[in-house]
Amino acid sequence: MSTQTTFDLDDGNELLNQLVNFHEVMQKEWSRVENQWFNLRSCWRDEQYQMFEPLYDQLSATHKDSEKECLEYIAFMREQVRIAAERRAKLGALKGL
């Protein structure tokens, strides 16, 4: 048997805004990390580089996966907010009758 749940539109919008802001900050900060890695990689000439590069590559792959998941969740929340706003508008129209 299913249970009816509620979705607070205002809270949903706030979460969506926070996720979008988080994604923007994550992109900006990761860009800075990539720039620093590029600068370091161009001048790093010892054996430790060979040990560190695979770790950085793994970190980069993890970041890309996280960014993809964040975008998917943003899309999900946008859809939930859209549905809730549509329901609110329909309910308001019904109450107005």
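Surface patches are made of residues with over 30% relative accessible area and no salt bridge, with like charges joined within 9 Å and nonpolar side chains (Val, Leu, Ile, Met, Phe, Trp, Tyr) joined within 5 Å. Accessible areas come from the Shrake-Rupley method with a 1.4 Å probe, and for residues only the protein chains shown count as cover. A salt bridge is a side-chain nitrogen of Lys or Arg within 4 Å of a carboxyl oxygen of Asp or Glu. The model is predicted, so that local features need pLDDT of at least 70 and side-chain atom pairs count only at pLDDT 80 or more, while totals for chains, interfaces and linings use all residues. Residues are numbered from 1 along each chain as its sequence is written, and side-chain values use heavy atoms, with hydrogens and water left out.

Leu15, Tyr73 and Phe76 make a nonpolar surface patch of about 270 Å². Helices are DSSP runs (H or I, at least four residues; strands are E, at least two), numbered from the N terminus. Leu15 lies in helix α1, whereas Tyr73 has its place in helix α2, which covers residues 47-96. Residues are called buried under 20% relative accessible area, exposed over 50%, and partly exposed in between (1.4 Å probe, protein chains only). Leu15 is partly exposed, because its relative accessible area is 36%. Tyr73 also counts as partly exposed, at 38% relative accessibility. Leu15 and Arg78 are 63 residues apart in sequence, and their C-alpha atoms are 9.9 Å apart in space.

A negative surface patch is formed by Asp8, Asp10, Asp11 and Glu14. The place of a charge is taken as NZ of Lys, CZ of Arg, CG of Asp or CD of Glu.

Phe22 is another residue of helix α1. Phe22 has a relative accessible area of 48% and is therefore partly exposed. Phe22 and Trp37 are 15 residues apart along the chain, with 22 Å between their C-alpha atoms. Lys64 counts as exposed because its relative accessibility is 52%. From Lys64 to Arg45 the distance is 27 Å, C-alpha to C-alpha, for a separation of 19 residues in sequence.

Charged pairs were examined next. Side chains of opposite charge can pair when their charged atoms come close. Under the salt-bridge rule, the count comes to five. In one of them, the side chains of Arg32 and Glu29 meet with 3.6 Å from N to O. Arg32 and Glu29 are three residues apart in helix α1, so about one helical turn separates them. Glu29 has a relative accessible area of 35% and is therefore partly exposed.

A salt bridge also joins the side chains of Lys68 and Glu72, at 4.0 Å from N to O. These two residues are four residues apart in helix α2, so they too are separated by about one helical turn. Lys68 counts as exposed at 52% relative accessibility, whereas Glu72 counts as partly exposed at 45%.

Lys90 forms a salt bridge with Glu86, and the closest N and O atoms are 3.7 Å apart. Both residues lie in helix α2, four residues apart, or about one turn of the helix. Lys90 is exposed, because its relative accessible area is 53%. Glu86 counts as partly exposed at 37% relative accessibility. Lys90 and Glu86 also belong to a network of salt bridges that links Glu79, Arg82, Glu86 and Lys90.

The cysteines were considered last. A disulfide is a covalent bond between the sulfur atoms of two cysteines. With a disulfide taken as a pair of cysteine sulfur atoms within 2.5 Å, the count comes to zero. Cys43 counts as exposed, because its relative accessibility is 53%. Cys70, in contrast, counts as buried, because its relative accessibility is 8%. Cys70 lies in helix α2. The C-alpha atoms of Cys70 and His23 are separated by 6.9 Å, although the two residues are 47 residues apart along the chain.

Notes:
Lys and Arg count as positive and Asp and Glu as negative; His and the chain ends are not counted.
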